[in-house]
Each structure stands twice: as structure tokens, then as C-alpha cells.
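Welcome! Here is a short tour of a few strands and helices, with the structure shown just below.

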Amino acid sequence: MTNMDKAMDEGEEDHDYLNGNGHSHHHNSNTASQIQQHFSHHLQGIARINNGSFGCCPHSVLAAHHEWHLRFLRQPDKFYSDVLPDALLHSRSLLKSLINADYLHQVSLIDNATTAAAIVLRHISTSLSRNDTVVMFNCAFQAVKKSIQAYVATAGASVVEIPLPFPVRSPQEIVARFRKGLQRGKANGSKIRLAIIDHITSMPSVLIPVGELVRICREEGVDQVFVDAAHALGTVPVDVKEIGADFYVTNLHKWFFCPPSVAVFYSRNELPIETSWIGTRDYSSQLLVPSVMEFVSTFEGGLEGIMKRNHERVVQMGQMLIESWGTILGSPPHMCASMIMVGLPSQLGISSEDNASKLRSHLRTCYGVEVPIHYQAPEDDAATETRDNKNGLISGYARISHQVYNTVEDYHKFRDAINQLVQDGKVCKML
């Protein structure tokens, strides 16, 4: 039995298994109460199980953010010419080793993953012709889809959307769908100029076998591959060389404890990035990588330890919820990182996107639970596995996140809220 199971069994607070010893110097672990102190600015009494939406930022990193901002305001001219270049370089070189890039010039700091999509699309759009295609999953982030329409459609090229299998049973299902999508992209002699692959999809959230899909793109002669890894850094190990994509972007404000918004963008071959100098703007969130590294080093096992525990905990919490509700997980545990999709009871009657967002608001306002809700239209050949224990079709899923500040009570609060709604015979339309 691991310390973690013991801690759960004895109903101890969620973080005691970190074996903290009361200090937060390097390489010592934080205790449960110290972790709560790092995030004491979070509103008390709210079950915040949606870290994937807005991330979080501990006090020490907020303080560093404020300090950088003041340094800029004190003497902007000197800051821009003497301080900023070295500070940006320092952040970039730490990130270079974190994501295992070969050269510093491959690594730049930008606002977010959506900005990267625009950069990549602008880069390829100049040479797109009518017979060219861009291939992507249908659940790609809305803002990214808008970028694609803007750049690709204008050039007269076409977009092929690959439906993500969900609920998903195995990586092979995703690989098979992807191969089919590439065949569609190459039909009638078309050339696939770009494949956009999520490392972890946002909604529904699934860990994609990204290395394998990139290899398939190479075999199939796809020109360039862009991996949108908005949720990756801080939830899964990131190795851009092993993944082998031409472009890779991951946010630092989702799971890497930075305030919004900042992302690291990797480009295998030099890409003139117009974003590296946008003139007067606040660069302070891009300068916090050293502060984050210092923060994560106060946890047992550093960033890797955090990722491992978040994954184990989110799976445990997901399993606790489906046992209580009589539902299923949207993916096997090995296909999730720090977020997992949890089926909601069919009695809630989630039959549209609108229902899903009503339920999300209702949980926030009436129960103090922050969690995104996904509506999944059942596929025609829906197997029995997508039914709950009342034999109703599961069409709603919650995306639960686990981050260091979460406690088991957060998930109990969510569990009880849903059970209460079902018991009261509430359906989404009524909320």
C-alpha cells in the first residue's frame, strides 16, 4: 500500500503523502497547509477542479511577476535595453532544456498556443495552392479553427477534419481514425501541407499518441506537422526531439504555474518570428520561468513528482466519481494526464451544448463547484459501454483536473452536488 493510499484511507488531508517537514527550501516537500498557503488567494469554499481552464499561480511567482513589472516601470528605457534581453534569454534557455530542444534559436516565448497557430498558418499560407489540404482533429480549439479558416480558406486550399473517437478505449482507435483522415486529405492527388495534432485535446480531453501520429505523417509525405500542446508542459514529459514535429507549442499558464498568458513555441527549422519583438508591452510573465523552477523544486520529485501525483490523483478521483454515479470514464487512465473525462448520469438529460453550459453555471452558482461540462452526441452505433447503470445513454461528461492545491473534499463536493441533482429529479433544461 503506498503512502498515498494510506493517506486516503485514513482520511488524512490530501497532501500529507508529500511527507513535508515544515520547510520550503529546495528539495524538501511542502506540507498540505503550506501548499494551501501558496494559493491562499484562491476563493475559499470553492471546489476548483478546472485547473485546465485557467491554470493557477502561487504567491512566490505572483510576487516575482509584480517585481519584474515594477523594474520595467521604474526605468523602462534601461529595462528594455539592459535587463530584458538577458532575462528573456534566461527563461528561454531553461525552457530549451525542459523541452529538450537542440538550439536556443528554436525556442521562443509568445502569448499562447493560438498565437503559434496563427504564426504557423501565416508561414504556410503564402505558398498554399488550390489542391493543398490541412488536416486536423475536429475537436481542435475554436480559436485555432478560426485561424485555419482565415488563412487556408482564403488561399482556396481545403481543411480535412478528423473526428476524435470519444469515449476512447485505446490509442489504436485514434491512430486508425488519423490514418483514414490522411487518406481523405490525399484524395484526388491533393497534397497535405500541414497536419495539426493536439498533444492533449482540450474538450473532450484525451492524451493523444502524438509521437506515433507524427511518424505516420512522415511516412505519408505530409509537408509539415504542428503539435498544439496547450496542456502539455507540467502534465506530461515533453521531448520535442522525440516527438519530431516541425512546430510545437505549449502554454506556461495552464499547468506550469505562470500567470496568463505565456507559451513556449518550438520551431525545428528557423522561422522568422515576428513576435519576438512587438514593441512596448509587458514582458513580465515571460520572465518567470526561473521563479517557477524554484517553486516546483520545493515538491518531492520536482515537476516530475507533481505530474505523477496529479495523474494518479485525477484517476483516483475519476474512479471515485464513476463508482458513485454508476457511469464510465471517457478514456482509460493511461490516456489522460492531469485531466480526465468523467461520465455524468443520463438522468440529468444533457442533450445539447446549451444544457452543458447551464449545468456548469448551476454547479458554480448553487454548489460552488468549478468544472467544465462536455456534451457528446452519441454516435449512431453507440455500444453498450456508453450507457450508465440505469441503461441510459451517457451524453454528458465533466472534465476534472487535479493540481497541487486540490483536496479530496473538492471532488466529494462535486460528487454530492450531482447526486443531489439526480435525487431531486433535476434535468438540465430546468436549471
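**A three-stranded sheet**

In this predicted model, three strands form an open sheet in the order β9-β12-β11, with antiparallel pairing. Strands (E, at least two residues) and helices (H or I, at least four) are DSSP runs numbered from the N terminus, and two strands pair if DSSP finds at least two bridges between them. Residues are numbered from 1 along each chain as its sequence is written. As the model is predicted, local features need pLDDT of at least 70.

- β9 (339-343) and β11 (373-375) are the edge strands, each with a single partner, so one side of each has no neighbour in the sheet.
- From one strand to the next, the twist averages 30 degrees.
- β9 runs antiparallel to β12 (residues 396-401), joined by five bridges, and G343 stands opposite Y397 in β12.
- Helix α12 (residues 302-325) packs on this sheet and touches β9 and β12; contact means heavy atoms within 4.5 Å.

- Five of the five residues of β6 (residues 224-228) are buried, meaning under 20% relative accessible area (1.4 Å probe, protein chains only).
- Q224, F226 and D228 lie on one side of β6, with V225 and V227 on the other.
- β5 (residues 191-198) pairs with β6 in the parallel sense over five bridges, and D198 stands opposite D228.
- β7 (residues 247-251) also runs parallel to β6, through three bridges; Y248 in β7 is the bridge partner of V227.

**Strand β2**

- V107 and L109 point one way from β2 (residues 107-110), S108 and I110 the other, and all are buried.
- β2 pairs with β8 (residues 263-267) in the antiparallel sense over four bridges.

Definitions and conventions. Predicted model: local features only at pLDDT ≥ 70, side-chain atom pairs only at ≥ 80, totals over all residues. Heavy atoms only, no water. Axes fitted to C-alpha atoms, helices over the stretch in contact; angles between N-to-C directions. Buried < 20%, exposed > 50% of the residue type's maximum accessible area, 1.4 Å probe, protein only.
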